[in-house]
Amino acid sequence: MKYLRFKSKRKISYGMQHIFNSDLSYVLKSLKQEKITQGINVDKFESNLSNFFGSKYSLAVSSGTAALHISMLTLNLSKGDKVLTSPISFLASANCAEYVGAEIDFCDINNLTYTIDPEKIESKLKKDKKIKAIVVVDYAGHPADWKDLKFLKEKYGVRLINDNCHALGSRLENKKNYAVKYADIVTQSFHPVKHITTGEGGAIITNNKEIFEKAKILRNHGIERKKKDQKNKGMWFYKMSYLGFNYRLSDINCSLGISQLKSLNKFIQKRRFIAKKYNSLLKDVKNIILPFEKKGFYHSYHLYPLRIDFKRLKIDKKVFFEKMFKLGISLQVHYIPIYKHPYYKNKYRIKVKNFPVSENFYNQVISLPIYYSLSQEKINYVCKSLKSILCK
Ligand SMILES: Cc1ncc(COP(=O)(O)O)c(C=O)c1O
């Protein structure tokens, strides 16, 4: 396989940021402003996010995890409540419920879209009145079945959180405002592998004023500064009624976010272009399943999850990974089902037989490299390398 070795010494990773020169100059300008935190760039980033999502409110926070934690608190979820989520997600989608003392429960995914299955949710909702909220993940950038989820929300009175960390710019029926339309709260992450980055960072997006106002207080230690109190008690006066956190995002991060958001369409077009290339280069490979885009759904391809039937091919997934790595390609798996991690396994004694789709998906899935600067040459190389191992 020597002839396949890629010229560059650097590994092709599954994802990475792309920083334009315009981003650099925008961030540099922000550093020269009087306030580098709690300043005008935070407000501007939030208002640009609201414009993008068609939402009434947006709040920039320090990470996607912080956004999920605050979401749980604004919905008053705590001990005695249960929260459902998909096992095929990053740990934070479940951990957020644990932070507030609620119980987490998992629901299997749909075998085509890899998002949480509404039918399976309903059978849980019928039996378990403790379920108060569902953290729905638009996995890889494919929106979940939001219409069915909205139906369940109304029928059973549960709250919906859209963990939209993979899906900035995805659409449902050609509308990118689907996220705030269907969910009570939408959360974002601006980690470097995501569609846009602020270094670390996240956001809460909602149309609900009460949720927004509570989230704003929780982001800043639980501190409230009311004009009326300051007039009566002194200009310095503030009070803390809830236990909050320092989950603020600085003006430096927000300025990168403002600048990156301008390039979002470009980022998504490129990701869709790469996905299309992979689809056409791999379409004839046997025993694999390409990612699916349901009619009326617009995939933003944060990930390109490829399913390989390693069992049928009689190839070990671990060995396949190592061979690709030796060829200079650093793949990833999204994700190890959350219930398999010792914390959850020991705490909830989960039976894997309840998750046949997630189990099978985990055995087969790998994430191919997908990011803005991935060249045509590298796309070809990834496909050629993959075929050299799978098609003997
Ligand atoms: C689906 C999902 N939810 C939540 C998060 C957490 O975001 P952050 O890393 O910004 O805390 C991530 C990040 O990888 C994610 O992929």
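Which strand is largely enclosed by the rest of the structure, and why? I looked up E5 and found that 5 of its 5 residues are buried, so E5 is largely enclosed by the rest of the structure. I count a residue as buried if 20 or more other C-beta atoms lie within 10 Å of its own, as exposed if 12 or fewer do, and as partly exposed in between, with C-beta atoms placed from the backbone.

Before going on, I note that this is a predicted model, in which local features need pLDDT of at least 70 and side-chain atom pairs count only at pLDDT 80 or more, while totals for chains, interfaces and linings use all residues. Residues are numbered from 1 along each chain as its sequence is written.

**The main sheet**

I use element names that follow DSSP runs numbered from the N terminus, helices (H or I) having at least four residues and strands (E) at least two. In a regular strand the side chains alternate between the two faces of the sheet. For E5 I checked both faces and found them covered, with Arg-159, Ile-161 and Asp-163 buried on one side and Leu-160 and Asn-162 buried on the other.

I then traced the open sheet of 7 strands, which has the order E1-E8-E7-E5-E4-E2-E3 and mixed pairing; two strands pair if DSSP finds at least two bridges between them. Strand E1 (57–61) and E3 are the edge strands, each pairing on one side only. On average, neighbouring strands of this sheet are turned by 20° against each other, direction ignored. E4 and E5 run parallel and are joined by 5 bridges, and Val-136 has Asn-162 in E5 as its bridge partner. E2 and E4 also pair in the parallel sense, over 4 bridges, and here Val-83 has Ala-133 of E4 as its partner.

Helix H5 (residues 118–127) lies across E2, E3 and E4 and runs at about 165° to E4. For such angles, axes are lines fitted to C-alpha atoms, for helices over the stretch in contact, and the values run from 0 to 180 degrees between N-to-C directions.

Just after H4, Gly-101 takes a positive phi of about 85°.

**Helices packed on H10**

Two packed helices are described by the angle between their axes and the distance between the axes. For helix H1 (residues 21–31) and helix H10 (residues 251–261) I read an angle of about 150° and axes 9 Å apart. The residues of that contact divide into 6 nonpolar, 5 polar and 2 charged. For helix H2 (residues 40–53) and H10 the angle is about 35°, with the axes 8 Å apart. On the H2 side the contact is made by Asn-41, Val-42, Lys-44, Phe-45, Asn-48 and Phe-52, which meet residues of H10 including Cys-254 and Leu-261.

**Loops**

The peptide bond from His-334 to Tyr-335 is cis, with omega near 10°, and Tyr-335 is placed in the loop between helix H13 (317–326) and H14. Asn-287 has a positive phi of about 65° although it is not a glycine, and Asn-287 is partly exposed, with 15 other C-beta atoms within 10 Å. Lys-314, also not a glycine, has a positive phi of about 55°, and Lys-314 is exposed, with 7 other C-beta atoms within 10 Å.

How values were computed:
Ala, Val, Leu, Ile, Met, Phe, Trp, Tyr, Cys and Pro count as nonpolar, Asp, Glu, Lys and Arg as charged, and the others, Gly among them, as polar. Two residues are in contact if their C-beta atoms, placed from the backbone, lie within 7 Å.
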